[in-house]
Amino acid sequence: MDQDFAHHLSEVAVSVELETPDMTLNIGPQHPSTHGVLRLIAKIAGERAFDVKPVIGYMHRGYEKLSEVRTYPQITALINRIDWVSGYANEIPFIVAAEKLMEIEVPERAQYIRLILTEMARISSHLIFMASYPLELGAATPLFFALRERERVLDLLESVTGGRFHPNFNRIGGVKPAVGSGSTTRKQIQDLPAGFFTQTKDAMGKVLDVCEELETLVAGNEIFLARTKGIGLLPPEVAAAYGVSGPNIRASGVKFDIRKVESYLPYDQFDWEVPVGENGDCWDRWWVRLTEIRQSASIIQQAVDGIPSGPLQAKVPKVIKVPEGQTYVRAENPKGEMGYYLVSDGGSGPYRLKIRTASFSNISILPWILEGILIPDIIAVMGSLDFVLGDVDR
Amino acid sequence: MTGFATDLFANFWVSLAAKLALVATMIPLIGMVIGFAEMKLSAKMQSRIGPYFAGGRWGWAQLIADGVKFFQKEDLIPEDADRPVFKSAPILVLVGTVALFVVIPFGPGLIFRDLSVGIFYALAISSISTIGVLMAGWSSANKYSLMGGLRAAGQLIAYELPLVLAVVGSVIMAGTLSMSGIVEAQIAAGYPFVILQVVGFAIFMIAALAELTRIPFDMPIAESELVMGYLTEYSGFRFLFFFLAEFANMFTMSAIAVTLFLGGYWLPGIPESVLVFAGPVILIGKVAILSFVMIWFRWTFPRFREDQLQTLAWKWLIPIALANIVITAIFKVLF
């Protein structure tokens, strides 16, 4: 067969069989709904996406390495910025890990303050989800309802810590004394700002109100239900196999909450429930987060009622050196399980700090869960997993 | 009117120029008023203030400032774009909107051209803008634009039939296709057709929302999915054309709905001699109510999926509209 004839044949073949090459769609890294710089490479046929590959690392800041050349008090300023939506909650497991190695008993009042502020961080993080998720489905108004109440919570966080997003408030052995505590010679340590508890109770009432409001505005909407029910089903086995944690796995029906399992903060002293979803679809993930806001508000109200008096700081050496050893402390962050594996060689900074973040493990499910679904559903599912790119790349 | 003026306006070119000037001022004006209303109403619904500083009071000049801004922007055309198609798409979209104004009766005799097939013309011409949207999506050389354009074309299949079928009920009741004829039939009957055509009116409004690609049917734009859909690559002046067309189209679709179902320029109890002057005001008032409803929907509802719109249209709207036609026809024959 000479070449011309072969060429001719191939031309005939082309004209007979209509070729439909795959179209590759790059979703991100600059896209309104990827929550930052996540990039998805999807092969699409019409509106259906196949073979979705997430590309991460656009925001890698090298916190694990940076931690190795910093002292313990400096590191809290860094790890605030991992999951910036709930900056305060990031500090807790690290500080608890260091305290565990140093065998420090943290005063109960400091533990309560940590708990209250962690739950506030959870509420603000979930309210961000409540704001952005309807927006991804096209409804703009719930955004303002949710952010308005989040502002109250952030104001409270600010009044205590001085920071809205990056509080940098925890110290090894307790929490930072409030502003104006004076020099170390004057041991008079100021407490929480005046009126904090009444304002907190007031704000929690408002947060519970906005939950009602969101329930009627969003959950009472047939279109919202049609867009979320049965979409992005995540069976519990698959979720567990991929290491999905937090509200995402609870929505799949797994009753697993580190706050109930571990004792990094005194959660066992309060009366609260772990909300669990039924089907593991987008709707359940939305509902679980809404219920968690209510539970957190209830925890805060109980903690405010029962907060003991006492010092905010345990006695710690002036130069903090963690004894040789290693430990892993995990905590239930708003996005899921966050853990620090801390290895110390006895120096003033960690020898190695491995950070396990929730969003990183949560988005590992993306290629599985996005296989063969429509592009609008990609956005709906991605939004319902509620990840933050800083938490993915760190 | 004096003899001179009558002669002057009888001249084809003069009257054409007058009409063109009227259209050229009216459409941007309507677009701006509705656009401003949308800004302020959405702000109210979201506990915001909205535009505040432009123009000194209530930010009334915000959209003028925006318009000027669009004029100043660089006219960007993507390198791989199909330039002639890319450039003509916004014009086609705006033309589709402008041409709709021809058959809207603003008062007794106040109509640009009282076509005997007025509503037929309106429904036909309103589909032209979809071609413009498809052209915009295709020529942009952008995958998101392409998907937006194709979604608009797919959407056409869903809403076009319910839109036409919903109109038929009113047409049967009026016994004419002429827009002013339909209003006159309502005046003669003494009630607006919506009283007997509630179903038709509802279907028409749903289909009109889909035609306008407004939330809950804004899939061709869908900011959170397709960035900006077929508008992604448009900027400056050309974007302004789409923007104006959207709001002017809101006006025309509302005006058609008002004419067909809500009695057009007529209110019960107002004599015809007054209607000549009050007609436009009444019509615009009714249009404002419908536009408000559209804005209200937009800031309340999430977005459907394209396949859910098809389900809604083919499984619900079309059968209901057909049943509505049959029932209307039976009543027309019997009574």
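In chain A, helices α5(A) and α12(A) are roughly antiparallel to each other, a label given to angles over 145 degrees, while those under 35 count as roughly parallel, 65 to 115 as roughly perpendicular and the rest as oblique. Before we go further, a word on the source: this is a predicted model, in which local features need pLDDT of at least 70 and side-chain atom pairs count only at pLDDT 80 or more, while totals for chains, interfaces and linings use all residues. Residues are numbered from 1 along each chain as its sequence is written, and chains are lettered from A and ligands numbered from 1 in the order in which they are written.

Let us stay with that helix pair. α5(A) and α12 (residues 282–306) of chain A pack at an angle of about 155 degrees, and their axes are 9 Å apart. Here axes are lines fitted to C-alpha atoms, for helices over the stretch in contact, and angles run from 0 to 180 degrees between N-to-C directions. The crossing of the two is left-handed, meaning that the near helix is turned anticlockwise from the far one by less than a right angle, with clockwise giving a right-handed one. Among the residues that meet are Tyr112(A), Ile116(A), Ile123(A) and Met130(A) from α5(A), and Trp286(A), Leu290(A), Ile293(A) and Ile300(A) from α12(A). By class, the residues of this contact divide into 17 nonpolar, 2 polar and 4 charged. In this scheme Ala, Val, Leu, Ile, Met, Phe, Trp, Tyr, Cys and Pro are nonpolar, Asp, Glu, Lys and Arg are charged, and the others, Gly among them, are polar.

α5(A) has another partner to visit, α6(A). These two helices pack at about 160 degrees with their axes 8 Å apart, which makes α5(A) roughly antiparallel to α6(A). Here too the crossing is left-handed. The α5(A) side includes Leu117(A), Ser124(A), Ile128(A) and Leu135(A), and the α6(A) side includes Pro142(A), Leu147(A), Val153(A) and Val160(A). The contact of α5(A) with α6(A) holds 18 nonpolar, 2 polar and 2 charged residues.

Stepping back, chain A has 16 helices and 8 strands, where helices (H or I, at least four residues) and strands (E, at least two) are DSSP runs numbered from the N terminus. Its C-alpha atoms fill a box of roughly 95 × 50 × 35 Å along the principal axes. Of the 394 residues of chain A, 48% count as buried; that takes 20 or more other C-beta atoms within 10 Å of a residue's own, while 12 or fewer make it exposed and values in between partly exposed, with C-beta atoms placed from the backbone. Of the contacts in chain A with a separation of 6 or more, 71% come from residues 24 or more positions apart, a contact being two residues whose C-beta atoms, placed from the backbone, lie within 7 Å.

Now for the strands. Three of them form an open sheet in the order β6-β7-β8 (chain A), with antiparallel pairing; strands pair if DSSP finds at least two bridges between them. β6 (325–333) and β8 (352–356) of chain A stand at the edges, each with a single partner strand, so one side of each lacks a neighbour in the sheet. From one strand to the next, the twist averages 10 degrees. Strand β7 (residues 336–344) of chain A is joined to β8(A) by 5 bridges, and the bridge partner of Leu342(A) in β8(A) is Leu353(A). Helix α4 (residues 87–102) of chain A lies across β6 and β7 of chain A, running at about 150 degrees to β6(A).

With 8 C-beta neighbours inside 10 Å, Glu103(A) counts as exposed.

Finally, where do the chains meet? On this interface, 25 residues of chain A are in contact with 21 residues of chain B. Elements giving two or more residues to the chain A side are β1 (23–27), α5 (108–136), α6 (141–161), α8 (222–228) and α15 (375–385) of chain A. α8(A) gives the most, with 4 residues. The chain A side has 16 nonpolar, 5 polar and 4 charged residues.
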